[in-house]
Amino acid sequence: MSNIKQLKHLWARAGFGLRFEDLKQLENVKLKHAVKQLFNAADAEAAVNVVRADTDYDMLIKGDLLAKKQFLQQQRQQEKDLNIAWINKMSTTNAVLQEKMTLFWHNHFACRSLNALFAQQLNNIQRANALGNFRTLLLEVSESPAMLQFLNNQQNRKGHPNENFARELMELFTIGRGNYTENDVKESARAFTGYGFNKTGEFVNRPFVHDEGQKTFLGKTGNFNGEDIMNMLLDKKETAHFISNKLYKYLVNEIPDPAHVNAMADIFYNSNYEIKPLLEHVFNADWFYDDKNTGNLIKSPVEFLVGLNRQFYITYQRPDVLLQFQHVLGQVLFYPPNVAGWPGGRNWIDSSSLMFRLKIPSTLLDGGLIDFNGKADPEDEAYIATIHNQQPFVSARVQSQPDWDKFLQNIPKNTSTTGIAQFMLEPKLNNTLLNNVNQQTDTKAMVIELVSTPEYQLC
């Protein structure tokens with residue numbers, strides 16, 4: 001595999017696609033150094049802070065209908081602002097690996113919160129630890145108001161344990177199904193009694209509702225608290241394997257290779273759950289660049305939109321349209337379908353979403369019209385209604401501005417139309433595509449045609 005092909009693949013999986021601009025900067029850079037650059041670009045100060053902590057929750061308590069209406073309007077606006085702020089960050093950042101892994105953890109620790117401040121807080125926890133330590137990430141997520149609220153741990157009290165958080169902690173966040181018993185769920189729920197938060201969004205451990213009794217968990221007995229339970233789960237190598245398997249499907253192939261996943265799990269477990277060595281192993285492995293692992297994953301809706309934004313430097317006069325795109329494509333950030341997150345893979349594509357995927361690029365890049373009428377999950381109706389009310393949905397003009405000059409100027413001189421096409425798409429070009437490309441005399445029209453193909457949906 002040529003160096004350019006490897007770099008393209010690396011940036012498709014560790015970021016949101018390689019731009020011609022990136023290619024210029026990576027000229028003559030060895031693959032190993034390119035991997036280092038991805039980690040070096042991580043930004044410790046990259047928090048999203050668009051939602052301020054000055055919402056007046058007392059408005060709701062007063063029972064004043066007008067105040068309640070204003071509060072709900074403010075809440076909806078904050079949800080939209082947060083969503084758009086993260087899309088913009090992914091679309092403009094140099095820390096692409098950090099954001100790509102924040103997106104992974106966003107789905108791994110899937111959570112819905114009507115409180116945008118709590119959602120922002122959890123998002124920043126996932127970003128700060130995206131390339132750090134999984135143990136730290138897990139402990140911080142378990143103390144975040146968004147997750148505690150979503151999984152009802154605020155109601156988890158001595159004598160009346162609520163098992164939601166304890167169950168999902170094992171099934172979805174750590175060791176996975178088949179590695180624990182129902183009794184382990186019940187006993188660990190008792191250990192998490194008292195985990196909660198106050199109205200300013202700070203974690204509080206409430207000793208007066210914590211169950212101090214002996215608990216038996218994974219074969220051990222003691223007066224365990226929540227942190228003890230998480231440490232015992234991390235002591236099990238099944239946790240390292242569960243995360244490695246999920247990460248393999250996210251970064252490499254929907255069909256995991258058991259030998260490769262086992263090697264990843266060894267590295268993860270032996271490094272005490274450091275995420276960076278695990279990712280370095282994957283990105284430097286020969287098998288990562290095998291043909292069978294190239295151009296074979298379906299881009300998530302967010303990867304698809306962010307990839308277009310980055311490649312063509314798109315800005316939006318009416319950024320709310322980004323919420324509409326997410327809705328019709330089936331992935332609204334901060335609004336996963338359930339605690340298991342988005343299933344991903346082939347589930348991203350159906351006849352409706354594919355139609356929109358093929359139409360959106362020309363709409364964004366050529367000032368087209370698009371009909372946003374689509375299906376809504378009944379659970380989403382309330383949320384989606386807030387978007388519907390902002391502007392007419394049918395044939396709303398998408399006020400987007402790509403920077404064509406910047407895109408075209410960054411294409412290396414003397415690059416053939418076939419060369420441009422090979423760069424823009426991850427899968428190998430078939431004869432039909434090649435013929436279409438070679439018949440085009442206008443680069444701009446040819447590029448719009450390329451990004452409107454089924455092949456562009458793959459990375």
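Me: Which helix supplies the largest share of the lining of the largest pocket, and how many residues does that helix give?

Reply: In this predicted model, the largest pocket holds about 720 Å³ of space, and its lining is made up of 30 residues, with Asn107, Lys246, Trp342, Pro343 and Gly344 lying nearest the centre. Four helices, α1, α6, α10 (164-173) and α13 (237-251), each supply at least two residues of that lining. Among the contributors to the lining, the largest share, 6 residues, comes from α6.

Me: Is His106 buried or exposed?

Reply: His106 belongs to helix α6, which covers residues 96-108, and, leaving aside neighbours within four places in sequence, His106 is in contact with Trp86, Gln126, Leu333, Phe334 and Trp342. Because a residue counts as buried under 20% relative accessible area and His106 has a relative accessibility of 6%, His106 is buried.

Me: Which helix gives the most residues to the lining of the second largest cavity?

Reply: The second largest cavity, with a volume of about 80 Å³, is lined by residues that include His106, Phe109, Arg112, Asn123, Gln126 and Phe334. By class, the lining of this cavity divides into 6 nonpolar, 4 polar and 1 charged. The helix that gives the most to this lining, with 4 residues, spans residues 116-128 and is α7.

Me: What is the volume of the largest cavity, and which element gives the largest share of its lining?

Reply: The structure holds 3 cavities of 30 Å³ or more, and the largest of these contains about 230 Å³ of space. The elements that give two or more residues to its lining are α1 (3-14), α16 (301-312) and α21 (417-424). Of the 20 lining residues, Phe16, Gly17, Leu18, Lys299 and Tyr456 lie nearest the centre.

Me: How are α1 and α6 arranged where they pack, roughly parallel or oblique?

Reply: The two helices pack with their axes 8 Å apart and at an angle of about 45 degrees.

Me: Which residues of α6 meet α1?

Reply: On the side of α1, the residues taking part are Trp11, Ala12, Arg13 and Ala14. The residues of this contact divide into 5 nonpolar, no polar and 2 charged. In α6, the residues that α1 meets are Val96, Leu97 and Lys100.

Me: Why is helix α17 described as largely enclosed by the rest of the structure?

Reply: Helix α17 covers residues 321-329, and its buried residues include Val321, Leu323, Phe325, His327 and Leu329. After this helix comes Gly330, whose phi is positive, near 95 degrees. Helix α17 is largely enclosed because the number of its residues that are buried is 9 of the 9.

Conventions
Residues are numbered from 1 along each chain as its sequence is written. This is a predicted model: local features need pLDDT of at least 70, side-chain atom pairs count only at pLDDT 80 or more; totals for chains, interfaces and linings use all residues. Side-chain values use heavy atoms; hydrogens and water are left out. Buried means under 20% relative accessible area, exposed over 50%, partly exposed in between (1.4 Å probe, protein chains only). Contact means heavy atoms within 4.5 Å. On a 1 Å grid over the protein atoms alone, a cavity is a set of points where a 1.4 Å probe fits but cannot get out, and a pocket is an open set with protein on both sides within 12 Å along at least five of seven lines; lining residues have an atom within 4 Å of a point. Grid points are joined across faces, edges and corners, and a volume is the space filled by probe spheres set on the points. Ala, Val, Leu, Ile, Met, Phe, Trp, Tyr, Cys and Pro count as nonpolar, Asp, Glu, Lys and Arg as charged, and the others, Gly among them, as polar. Axes are lines fitted to C-alpha atoms, for helices over the stretch in contact, and angles run from 0 to 180 degrees between N-to-C directions.
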